[in-house]
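This briefing covers a protein and the DNA that goes with it. Please look through the sequence and structure before reading the points below.

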There are 2 protein chains.
Amino acid sequence: MERSTIQKQAVLEYLKGVKTHPSAEIIFSAVRKKLPTISHGTIYRILNTLKQKGEIIEVAKEPARFDADTSPHAHFVCQDCGKIYDVFDKNISLINKKTKIGKVQNFQIYLYGQCRKCGN
Amino acid sequence: MERSTIQKQAVLEYLKGVKTHPSAEIIFSAVRKKLPTISHGTIYRILNTLKQKGEIIEVAKEPARFDADTSPHAHFVCQDCGKIYDVFDKNISLINKKTKIGKVQNFQIYLYGQCRKCGN
DNA sequence: ATCGGTGCAAATCCTTTGCATTTCC
DNA sequence: GGAAATGCAAAGGATTTGCACCGAT
């Protein structure tokens, strides 16, 4: 059976408190302030577990970044500053759940551009 | 000025001839049959150049996989077999080019599920 | 007391990079 | 001839893993 630990609690609590889609490294640094001995391995193991359970989603790669908001939404990635913004667009619901290829269980939408702070 | 080399030609020619969204490693192995001395470094450098020029797109990560079809389309990723299928859905055109956050230059849509071959 | 979780370090995977050599214009 | 590209090998970043110890149930 899966156990509850202070490490898991700290990671999930931190993720639920931010809207910045932090990387494993950022999560590591943040959680380390509360739990000074937590390791990278533990961070990665916890993130993988939470992802599998569907409690968080991965919203970017290289490095992976995480989001505790699992409601259907897209992400705007600023190509200048790297920030990731949530996009709740009504058209997202039009994504077909059944395609000719197979049944869609979940999806990811990334919009790439420049955010307002970075011009245009 | 950028030069034309047999390595670049071979990579682009290979990518245009397949619909499988190969990884750098697969491209490396395939192109190596024609050019036995080509290296990983060269493959990665060429792929990055083609990507910057917009002649190919990257359609997955870890490892990166590539597609010489740059028309707007989504990708269905089978979570069982790992295959990536092109999805030309008409609703894709509804993706907003302007959002409150910024101007969208391009986008990526990933649909995750099981393909027909893998059941359901 | 058990056995799942953690911490640490080493290992692995993918990708990039430095540099000497080759090759295209 | 000279700049750009290649090949090779080494380095780099992100993530995973093996194992001894710790701690939740």
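Helices (H or I, at least four residues) and strands (E, at least two) are DSSP runs, numbered from the N terminus. This is a predicted model, in which local features need pLDDT of at least 70, side-chain atom pairs count only at pLDDT 80 or more, and totals for chains, interfaces and linings use all residues. Residues are numbered from 1 along each chain as its sequence is written, chains are lettered from A and ligands numbered from 1 in the order in which they are written, and side-chain values use heavy atoms, with hydrogens and water left out.

**DNA strand C**

- H3(B) gives the most to the surface near DNA strand C, namely four residues; a residue is near a strand if one of its heavy atoms lies within 4 Å of it.
- There are 22 residues around DNA strand C, and A:Arg3, A:Thr5, A:Arg45, B:Tyr44 and B:Ala64 come nearest.
- Sugar or phosphate accounts for 65% of the atoms of DNA strand C within 4 Å of the protein, and bases for the rest.
- The side chain of B:Arg45 has an N or O atom 3.2 Å from a base oxygen of DNA strand C.
- The side chain of B:Asn48 places an N or O atom 3.1 Å from a phosphate oxygen of DNA strand C.
- A backbone N or O atom of B:Ser4 is 3.4 Å from a phosphate oxygen of DNA strand C.

**Chain fold**

- Chain A contains three helices and five strands, in the sequence order α-α-α-β-β-β-β-β.
- The C-alpha trace of chain A spans about 45 × 40 × 20 Å along its principal axes.
- Of the 120 residues in chain A, 41% are buried (under 20% relative accessible area, with exposed over 50% and partly exposed in between; 1.4 Å probe, protein chains only).

**Nonpolar cores**

- A nonpolar core is a set of buried Ala, Val, Leu, Ile, Met, Phe, Trp, Tyr and Cys residues joined through side-chain atoms within 4.5 Å.
- The largest core has 24 residues, of which A:Phe76, A:Ile109, A:Leu111, B:Phe76, B:Ile109 and B:Leu111 touch the most other members.
- Strands E3 (74-78) and E5 (102-115) of chain A and strands E3 (74-78) and E5 (102-115) of chain B each give two or more residues to this core.
- A second, separate core of 18 residues includes B:Val11, B:Ile46, B:Ile56 and B:Ala64.

**Symmetry**

- Chain B superposes on chain A by a rotation of 180° with 0.0 Å of shift along its axis (RMSD 0.1 Å), by least squares on the C-alpha atoms of residues with pLDDT of at least 70 in both.
- The two copies are therefore related as by a two-fold rotation axis.
- B:Ile109 comes closest to the rotation axis among the residues of chain B, at 2.3 Å (C-alpha).

How values were computed. A polar contact is a pair of N or O atoms within 3.5 Å; within protein, one must be able to donate a hydrogen and the other to accept it, and residues adjacent in sequence count only if both atoms are side-chain atoms.
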